[in-house]
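Let's take a friendly walk through this protein model together. Have a look at the sequence and the 3D view, and then read on.

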Amino acid sequence: MDNFNMAMMSANGGGGGGGGNSNGNAGKKAVHVKWAGKTIALGTFPHAEAEEKCARAKALTRAWRSTMRPKPTREWVMLELERLGVRVVSGRLGRRGEDDEDGDDDDDE
């Protein structure tokens, strides 16, 4: 029962409350990697594939952190992970979507 609860928490983002769709992801795991203090979602995969994607993403980001100067942007990292087939969640840059609108700086002032 511990493995089941861990899988459910992982698939639901750790919350455990009120998703309504939790049974559909019982055999899958959500995978994320950190970059510049922010989480980048890689996708939801079966457990074996999730472990593989997580390990590959961590190895890549570790190498990029230690070798690339200046440090790549979060957007570059997301696009590169997609290009390499590690990240399958595409079309979403984040909650704000700051690159989606060109003229949003006029509204602020």
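Two residues are in contact when heavy atoms of theirs lie within 4.5 Å. In the protein chain, 38% of the contacts with a separation of 6 or more are between residues 24 or more positions apart.

## Before we start

What you see is a predicted model, where local features need pLDDT of at least 70 and side-chain atom pairs count only at pLDDT 80 or more, while totals for chains, interfaces and linings use all residues. Residues are numbered from 1 along each chain as its sequence is written, and side-chain values use heavy atoms, with hydrogens and water left out.

## The overall plan

The protein chain has 4 helices and 2 strands. Helices (H or I, at least four residues) and strands (E, at least two) are DSSP runs, numbered from the N terminus. Read from that end, the elements follow the order α-β-β-α-α-α.

How much of the chain is buried? Of the 109 residues, 25% are buried. Here, buried means under 20% relative accessible area, exposed means over 50%, and partly exposed is in between (1.4 Å probe, protein chains only). The protein chain exposes about 7700 Å², and carbon and sulfur atoms supply 47% of that area. Accessible areas come from the Shrake-Rupley method with a 1.4 Å probe; for residues, only the protein chains shown count as cover.

## A buried leucine

Let's visit L42, which is found in strand β2. L42 counts as buried because its relative accessible area is 0%. Which residues does L42 touch, leaving aside its neighbours within four places in sequence? Its contacts are V31, H32, V33, K53, A57, L81, V86, R87, V88 and V89.

## Three salt bridges

A salt bridge is a side-chain nitrogen of Lys or Arg within 4 Å of a carboxyl oxygen of Asp or Glu. How many salt bridges does a search of the whole structure find? The search finds 3. One of them pairs K29 with E51, with the closest N and O atoms 2.8 Å apart. This pair links distant parts of the chain, since K29 is in strand β1 and E51 is in helix α2, 22 residues apart. K29 is partly exposed at 25% relative accessibility, and E51 is partly exposed at 43%.

Another salt bridge joins E80 and R83, whose closest N and O atoms are 2.6 Å apart. These two residues are 3 residues apart in helix α3, so about one helical turn separates them. Is E80 buried or exposed? E80 counts as buried because its relative accessibility is 15%, while R83, at 59%, counts as exposed. The side chains of R87 and E82 also meet in a salt bridge, at 2.3 Å from N to O. R87 is buried at 6% relative accessibility, whereas E82 is partly exposed at 26%.

## A positive patch

K58, R62, R65 and K71 form a positive surface patch. For patches, residues need over 30% relative accessible area and no salt bridge; like charges are joined within 9 Å, and nonpolar side chains (Val, Leu, Ile, Met, Phe, Trp, Tyr) within 5 Å. Lys and Arg count as positive and Asp and Glu as negative, while His and the chain ends are not counted. The place of a charge is taken as NZ of Lys, CZ of Arg, CG of Asp or CD of Glu.

R62 lies in helix α2, which covers residues 47-67, and R62 counts as exposed because its relative accessibility is 53%. K71 sits in the loop between α2 and α3 (74-83), and K71 is partly exposed at 48% relative accessibility.

Where K71 is concerned, the contacts beyond its neighbours within four places in sequence are W35 and A36. A36 is in the loop between β1 (28-35) and β2 (38-46). A36 is partly exposed, with a relative accessible area of 47%. Its phi is near 55°, a positive value in a residue other than glycine.

Finally, look at P70, placed in the loop between α2 and α3. What kind of peptide bond joins R69 and P70? The bond is cis, with omega about -5°.
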